[in-house]
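Please read the points below with the coordinates open beside you. They are arranged by region, and each can be checked on its own.

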Amino acid sequence: MQRIRLRYTKRGRLRFTSHRDFQRAFERALRRAEVPMAYSAGFTPHPKVSYANAAPTGTGSEAEYLEIALTEARDPDKLRELLDESLPAGLDVVEAVEVRTSGLADRLEASVWELRLDGVAPADAERAVAAFTAAGTVEVQRMTKNGVRTFDTRAAVVSLESADTHSSHADRPTDQPCAILRLVVRHVTPAVRPDDVLSGLRAVADLAPPVPAAVTRLAQGLFDEETGTVTDPLAPDREAAATAPATAVATAAATAPE
């Protein structure tokens with residue numbers, strides 16, 4: 001009867017939860033919030049939840065997306081509040097919109113990442129960035145289920161730059177000097193992850209942080225070729241909802257639980 005798209009976060013220690021861990025926590029939250037979920041058919045029905053391009057385990061994120069199907073209409077804002085209250089702190093539902101357009105997964109073309117490199121001088125990071133961006137190709141190796149695979153990380157990287165530490169969004173603050181990198185990566189096959197780019201920086205400039213990088217996804221969505229920015233994938237649904245008949249919104253609000 002209704003589909004809702006949600007944006008949620010992974011913050012603090014919850015960044016170390018796996019995607020399967022989040023799935024279990026979210027399904028428990030759906031039951032606690034008494035969300036009227038639609039279920040799949042078959043011998044073992046499951047709630048209809050579609051996850052889109054989840055961040056790797058160990059990385060924080062401000063922009064994870066999923067879609068749920070309901071059997072009864074609900075007000076998206078109230079539904080968001082109920083789900084957020086039912087999830088542990090760090091897994092926060094920050095936005096909810098009613099589905100008005102198709103193709104959410106197709107809109108997730110690129111991601112914006114922040115890499116906090118504790119123990120790395122900003123000047124050293126800037127030199128490594130310059131070497132990486134100047135290279136035509138930067139090949140790295142990664143172990144996959146089919147064995148070791150070699151691929152080019154440079155082609156997927158739209159932009160890579162050193163950022164001001166005071167503007168950091170990473171959830172591991174420190175008073176010690178560190179380097180902050182901002183990275184825009186296209187979603188290609190095979191996927192190029194932030195740790196692949198760090199391997200590339202090590203290969204071209206011998207940049208090796210003494211401690212693991214704190215990685216946070218700041219955004220994901222459509223990539224605007226003209227501006228070089230990643231746009232909000234829920235914007236088309238919000239725009240369509242703004243022009244929808246007021247009666248539809250009133251109906252959802254009237255049937256929403258108190």
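**Notes on the predicted model**

1. Ala-163 is found in strand 8 (residues 157–163), where helices (H or I, at least four residues) and strands (E, at least two) are DSSP runs, numbered from the N terminus. Its C-alpha atom is separated by 5.3 Å from that of Ile-180, which is 17 residues away along the chain. Leaving aside neighbours within four places in sequence, Ala-163 is in contact with Ile-180 and Arg-182, contact meaning heavy atoms within 4.5 Å.

2. On the basis of these notes: this is a predicted model, in which local features need pLDDT of at least 70 and side-chain atom pairs count only at pLDDT 80 or more, while totals for chains, interfaces and linings use all residues. Residues are numbered from 1 along each chain as its sequence is written, and side-chain values use heavy atoms, with hydrogens and water left out.

3. Taken as a whole, the protein chain has seven helices and 12 strands. Of its 258 residues, 44% count as buried, where buried means under 20% relative accessible area, exposed over 50%, and partly exposed in between (1.4 Å probe, protein chains only). The chain exposes about 13300 Å², of which carbon and sulfur atoms supply 50%; the accessible areas come from the Shrake-Rupley method with a 1.4 Å probe, and for residues only the protein chains shown count as cover. Among contacts between residues at least 6 apart in sequence, 76% join residues at least 24 apart.

4. Which leucines touch the most other members of the largest nonpolar core? In this core of 25 residues they are Leu-115, Leu-117, Leu-160, Leu-181, Leu-183 and Leu-201, a nonpolar core being a set of buried Ala, Val, Leu, Ile, Met, Phe, Trp, Tyr and Cys residues joined through side-chain atoms within 4.5 Å. Two or more residues of this core come from each of strand 5 (110–118), helix 4 (122–134), strand 8, strand 9 (178–186) and helix 5 (194–205). Leu-160, not counting residues up to four places away in sequence, touches Val-129, Phe-132, Thr-133, Leu-181, Arg-182, Leu-183, Val-197 and Leu-201. Apart from this core lies another, of 22 residues, among them Leu-6, Val-35, Val-49 and Ile-68.

5. A search of the whole structure finds three aromatic pairs. The rings of Phe-22 and Phe-26 have their centres 5.7 Å apart and their planes at 20°, and the pair is therefore stacked; by the criterion used, rings of Phe, Tyr and Trp (its six-membered ring) pair if their centres lie within 6.5 Å, with planes under 30 degrees apart counting as stacked, over 60 as edge-to-face and the rest as tilted. Because Phe-22 and Phe-26 are four residues apart in helix 1 (residues 19–32), about one helical turn separates them. Both of these phenylalanines are buried.

6. Phe-22 also forms an edge-to-face pair with Tyr-51, at 6.2 Å centre to centre and with 85° between the planes. This pair links distant parts of the chain, since Phe-22 is in helix 1 and Tyr-51 in strand 2 (residues 49–52), 29 residues apart. Phe-22 is buried, with a relative accessible area of 3%, whereas Tyr-51, at 23% relative accessibility, counts as partly exposed. Tyr-8, Phe-22, Phe-26 and Tyr-51 form one aromatic cluster.

7. Arg-15 lies over the face of Phe-16, at 5.5 Å from the ring centre; a charge sits over a ring if NZ of Lys or CZ of Arg is within 6 Å of the ring centre and within 35 degrees of the ring normal.

8. Strand 6 (residues 139–144) and strand 7 (residues 147–152) run antiparallel and are joined by six bridges, two strands being paired if DSSP finds at least two bridges between them. The hairpin between strand 6 and strand 7 passes through two residues, and the bridge partner of Thr-144 in strand 7 is Gly-147.

9. Some backbone geometry deserves a separate look. Most residues other than glycine have a negative phi, and most peptide bonds are trans. The peptide bond from Thr-189 to Pro-190 is cis, with omega near 0°, and Pro-190 is placed in the loop between strand 9 and helix 5. Glu-34, in the loop between helix 1 and strand 2, has a positive phi near 55° and is exposed, with a relative accessible area of 64%. Asp-206 has a positive phi near 55° in the loop between helix 5 and strand 10 (214–221), and at 66% relative accessibility Asp-206 counts as exposed.
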